[in-house]
Every structure is written in C-alpha cells, then in structure tokens.
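Here is a short report for a reader meeting this structure for the first time. Look at the sequence and the model, then read on.

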Amino acid sequence: MKILILNGPNLNLLGFREPHIYGGATLGDIERLVRDKAAQLGVEVEFRQTNHEGDLVSWIQDARGVFDRILINAAAYTHTSIALRDAIAATGIPTVEVHLSNIHARESFRHQSLIASVCVGQVVGFGTASYTLGLEAACNVNLKTKG
Ligand code: DQA
C-alpha cells in the first residue's frame with residue numbers, strides 16, 4: 001500500500017512556530033516518526049509539504065492510480081479551500097485529515113473544515129501522534145470513499 005502524506009502552509013516552520021500550540025517537533029521529526037510507523041505497518045509513504053494551495057490540488061489529482069490513501073494536514077487551507085475539497089472528492093482516494101492541534105477547541109474560524117465531509121475521518125489534537133494515528137487509521141479502517 002502506498003500512502004501520500006501532504007502538509008500545507010507554514011508547517012515547514014514547525015518547531016519554531018507557536019510551540020505552545022504545535023509543540024517543539026519539526027516537520028523533519030514528524031517525517032521520521034511517520035516513516036518509523038510506516039515501516040512497522042509495512043506500507044510505503046511519500047511525505048511532502050508546500051505553502052501553495054495549487055500544489056496540493058495538483059498532488060491530489062496526480063495521486064490517482066499511484067497512491068492508495070492520502071493523509072493530509074491542509075493547515076490553514078483546511079478552513080478556506082473549496083478547491084482542495086473538490087480535488088479530494090474528484091479523485092475518490094480515501095483520505096484522512098489530521099491536525100496537530102484540536103481545531104475544535106481553538107478560534108471559531110478553525111472549527112469548520114471544508115475538507116472534512118470528503119475525508120474518511122479526522123484525527124485532531126494529539127500533536128505528532130495525530131499523524132501516526134492517522135496513518136494507522138488510513139491503513140486499517142474499513143474506509144468509505146466519500147462523505
Ligand atoms: C493545523 C491547524 C490549522 O488551523 C492551522 O492553520 C495550521 C495547523 C494543525 O495541525 O493543528 O496551520 O492544521
């Protein structure tokens with residue numbers, strides 16, 4: 001099984017960025033944790049980050065026929081991007097949404113995820129473990145494709 005792991009804007013600044021909210025781990029640390037978990041689960045992962053919405057849309061489109069699952073932390077685009085939502089819906093690749101922080105316990109503008117309804121599920125609020133829990137979910141859960 002091949003899983004595409006996508007990270008949106010400002011996640012390249014993890015470790016430095018608001019550590020009281022996001023913790024001290026860098027994106028490189030998260031990639032290492034995810035690769036360790038993927039090795040345990042016997043799955044292949046590709047890990048990417050971009051600050052550009054269009055990159056995420058193109059990567060999701062291009063995942064068709066290449067990846068079996070997508071794990072995405074769309075960061076701020078979670079709350080704004082109909083384009084991302086439409087790309088996930090269009091490809092139909094089972095997608096798991098993750099966030100380091102509990103978006104539902106923060107500012108009201110973070111409570112809405114525009115991608116949640118087309119994702120299989122959401123793992124939020126567990127820090128770096130949101131990624132490893134999300135990876136396990138993507139591998140093991142009996143996934144429906146669309147909301
Ligand atoms: C985030 C939550 C988003 O609201 C925020 O814009 C981020 C990070 C998280 O992982 O907690 O950039 O996706």
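## Basis

Helices (H or I, at least four residues) and strands (E, at least two) are DSSP runs, numbered from the N terminus. By that naming, Glu18 sits in the loop between E1 and H1.

The model is predicted: local features need pLDDT of at least 70, side-chain atom pairs count only at pLDDT 80 or more, and totals for chains, interfaces and linings use all residues. Residues are numbered from 1 along each chain as its sequence is written, and side-chain values use heavy atoms, with hydrogens and water left out.

## Overall fold

The chain holds 5 helices and 5 strands. Along the sequence they follow the pattern β-α-α-β-α-β-α-β-β-α. The radius of gyration, taken over C-alpha atoms with a globule rule of 2.2 Å times the number of residues to the power 0.38, is 14 Å; this is close to the 15 Å that the rule gives for 147 residues, so the chain is as compact as a globular protein of that length. Its C-alpha atoms fill a box of roughly 40 × 35 × 25 Å, taken along the principal axes.

Buried means under 20% relative accessible area, exposed over 50%, and partly exposed in between (1.4 Å probe, protein chains only). Of the 147 residues, 48% count as buried. Contact means heavy atoms within 4.5 Å. Among contacts between residues at least 6 apart in sequence, 75% join residues at least 24 apart.

In soluble globular proteins, nonpolar side chains tend to be buried together. A nonpolar core here is a set of buried Ala, Val, Leu, Ile, Met, Phe, Trp, Tyr and Cys residues joined through side-chain atoms within 4.5 Å. The largest has 22 residues; Ile3, Ile5, Ile30, Val34 and Tyr131 have the most contacts inside it. Strand E1 (2-7), helix H2 (27-41), strand E2 (44-49), strand E4 (95-99) and helix H5 (129-140) each supply at least two residues of this core.

## Helix H4

Helix H4 spans residues 82-91, and Thr91 lies in it. Leu84, Ala87, Ile88, Ala89 and Thr91 are buried in H4. Their cover includes helix H3 (53-62), strand E3 (69-73) and E4. Thr91 has a relative accessible area of 14%. Leaving aside neighbours within four places in sequence, Thr91 contacts Ile60, Gln61 and Arg64. Gly92 follows H4, with a positive phi near 70°.

## Loop residues

Gly8 is found in the loop between E1 and helix H1 (19-22). Gly8 is buried, at 0% relative accessibility. The C-alpha atoms of Gly8 and Asn51 are 5.7 Å apart, although 43 residues separate them along the chain. Beyond four places in sequence, Gly8 contacts Gln49, Thr50, Asn51, Leu56, Asn73, Ala74 and Ala75.

Which phi does Ala75 have? It is near 50°, a positive value in a residue other than glycine. Ala75 lies in the loop between E3 and H4 and is buried, with a relative accessible area of 12%. Glu18 also is not a glycine, and has a positive phi of about 35°. Glu18 is partly exposed, with a relative accessible area of 36%.
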